[in-house]
Amino acid sequence: MMTDFPNARPTASHFIDGTYVEDTTGAPIPVIYPATGETIATVHAATPEILERALASATRAQRDWAAMDGTSRGRILRRAADIIRERNHELSVLETLDTGKPLQETLVADATSGADALEYFGGLAADLTGTSMQFGGDWAYTIPRPLGVCVGIGAWNYPTQIACWKGAPALATGNAMIFKPSESTPLCALKVAEILHEAGLPAGLFNVVQGMGDVGAALTTDARVAKVSLTGSVPTGKKVAAAASAQMKQVTMELGGKSPILIFEDADIDDAVSGAINGNFYSSGQVCSNGTRVFVHQSIVQEFLERLKSRVETAVIGDPLDEATNFGPMTTQAQLDIVLRHLDTARAEGATVVTGGIRIDREGFWIAPTVLSDLTDDMTCVREEIFGPVMSVLTFTDEDEVIARANDTEFGLSAGLFTRDLTRAHRVVAQLQAGTCWINQYNLTPPGMPFGGSRASGIGRENARMAMDHFTEVQTVYVGMSPVEAAY
Ligand SMILES: NC(=O)c1ccc[n+]([C@@H]2O[C@H](COP(=O)([O-])OP(=O)(O)OC[C@H]3O[C@@H](n4cnc5c(N)ncnc54)[C@H](O)[C@@H]3O)[C@@H](O)[C@H]2O)c1
Ligand SMILES: C[N+](C)(C)CCCC=O
């Protein structure tokens, strides 16, 4: 039984107007530790009264925040980044309890990634500038204005990172944010809110409210909300984007994918195997950008599969709180069931299981890292996002052929390729329809790099300077310097 709970335990369901708030009349949402299936906490969904408090305080606080100079705003975000780094261990334990991801992973990828974003946008906050244009003696200038109250809605795979990737650029540019975490991982965003306020963020500017899709939908359609930034699945993205755009609200959509990794015959095979492992089994495969369609040149596929199988079978599967563990459970029972159904379908459609393919016999939501081969492009496991530790290995012989097959999907989140031929690398990458691409690497996302998808995988980008554009709108000012002429 997992009885330990870190000092970092949030003390109530919501964080509103600078403080924890509880309202037990909201529907209870159990917080389940995925490694054991044990309920470790209960939060309550936001009631209409809770949402009203969150919206009213955010609306009030945002005006003063927008008037503050960028340097002062940025200093608060950078202070929050420092606090996160100081508390990385306890926040990483909390992330592991929320998601089931191994501590070995959360120690380096979650709170630290959140801190990176706060630090990055904290630095940029002082550099929110417009442009000026000359028209003879007259001129015009632009001012980036904050949008107002923005809503962030999170998925369950990166609860700290998603809260920070949305919150940091929103706050740096003078907005308030109301963040609704996934109902499956409600704890970590509360700590982000607590730390931001400890760092000096005025009350009301980063509120966290819990709930299912209906709470996200209520926030999306509230007239006080100017923008919605969602991380989630394509079907949810379509609903949220439709509801937001019906009211002319701006959106950022970070959605799902079925991304390709192309491994050419001249690739460094060990690098390619490492890239395929990182791009499929990190976070037990619950990563939007994963390269789950691995196209390997026919001439090297046997060697690739042998090395891949032997390395995957050394994964240390066990207690996620043990730092030696490097492969954890699925985050929810529902997601485990989805992955198991996909594996049944893959077998029925003729896939060969190279390794894994089975539920691991322990309490909690465990499934072995799985590699499938002998696949065709029309099989369900090759077409649909599984969002679990299932890699589909396909073969190819020709560059044009593999580019066409890589692009043959409704998604367009990410893509990767491994080759020693840099001319080919750039030629191929230019033809891949994907928002984020890696050459001889996979899934690295430093905050200075735009991240996001094209086609059904999303709208807009997170991170980098352009995220500041997505949380501001340009106000243009024309300045007349001469007498005003009129026809009559
Ligand atoms: N592109 C990215 O950056 C990125 C990152 C992580 C996860 N994802 C994607 O997220 C999916 C997995 O996460 P999930 O299962 O939590 O996704 P989901 O779409 O089921 O839920 C995402 C969030 O949307 C909320 N929601 C559901 N219906 C809503 C509605 N009608 N209005 C407003 N909010 C609503 C949920 O409560 C949750 O907080 C995968 O498809 C994955 O690829 C994308
Ligand atoms: C930083 N990662 C691991 C690529 C995750 C990005 C967000 C997608 O799930």
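This is a predicted model: local features need pLDDT of at least 70, side-chain atom pairs count only at pLDDT 80 or more; totals for chains, interfaces and linings use all residues.
## The shell around ligand 2

Seven names make up the surroundings of ligand 2: N157, Y158, V287, C288, S289, N443 and T445. Sorted by class, the shell holds three nonpolar residues and four polar ones. No charged residue is part of the shell.

## Strand 16

Strand 16 spans residues 390–396. The strand is mostly covered, with seven of its seven residues buried. Both faces are covered. On one side sit V390, S392, L394 and F396. On the other sit M391, V393 and T395.

Strand 16 pairs with strand 13 and with strand 15. Strand 13 (residues 293–297) runs parallel to strand 16, and five bridges join them. Here V294 stands opposite V393. Strand 15 (residues 370–373) is also parallel to strand 16, joined by three bridges. In this pairing, T370 has V390 as its bridge partner. V393 and V390 are both among the buried residues of strand 16.

## Helix 2

Helix 2 covers residues 70–86, 17 residues in total. From first C-alpha to last, helix 2 reaches 24 Å. That is close to the 24 Å expected at 1.5 Å a residue.

Which residues of helix 2 are buried? They are R73, G74, I76, L77, A80, A81 and I84. These residues lie on the same side of helix 2, because they cover an arc of only 155 degrees around the axis. T71, S72 and E86 are on the other side and are exposed.

A residue needs 20 or more to be buried, and 12 or fewer to be exposed.

What does A66 touch, leaving aside residues up to four places away in sequence? Its contacts are P146 and G174. N175 lies 109 residues from A66 along the chain, yet their C-alpha atoms are separated by 6.6 Å.

Key:
Residues are numbered from 1 along each chain as its sequence is written. Chains are lettered from A and ligands numbered from 1 in the order in which they are written. A residue is near a molecule or strand if its C-beta atom, placed from the backbone, lies within 6 Å of it. Ala, Val, Leu, Ile, Met, Phe, Trp, Tyr, Cys and Pro count as nonpolar, Asp, Glu, Lys and Arg as charged, and the others, Gly among them, as polar. A residue is buried if 20 or more other C-beta atoms lie within 10 Å of its own, exposed if 12 or fewer, and partly exposed in between; C-beta atoms are placed from the backbone. Helices (H or I, at least four residues) and strands (E, at least two) are DSSP runs, numbered from the N terminus. Two strands pair if DSSP finds at least two bridges between them. The expected span of a helix is 1.5 Å times one less than its number of residues. The arc is that of the directions from the helix axis to the C-beta atoms. Two residues are in contact if their C-beta atoms, placed from the backbone, lie within 7 Å.
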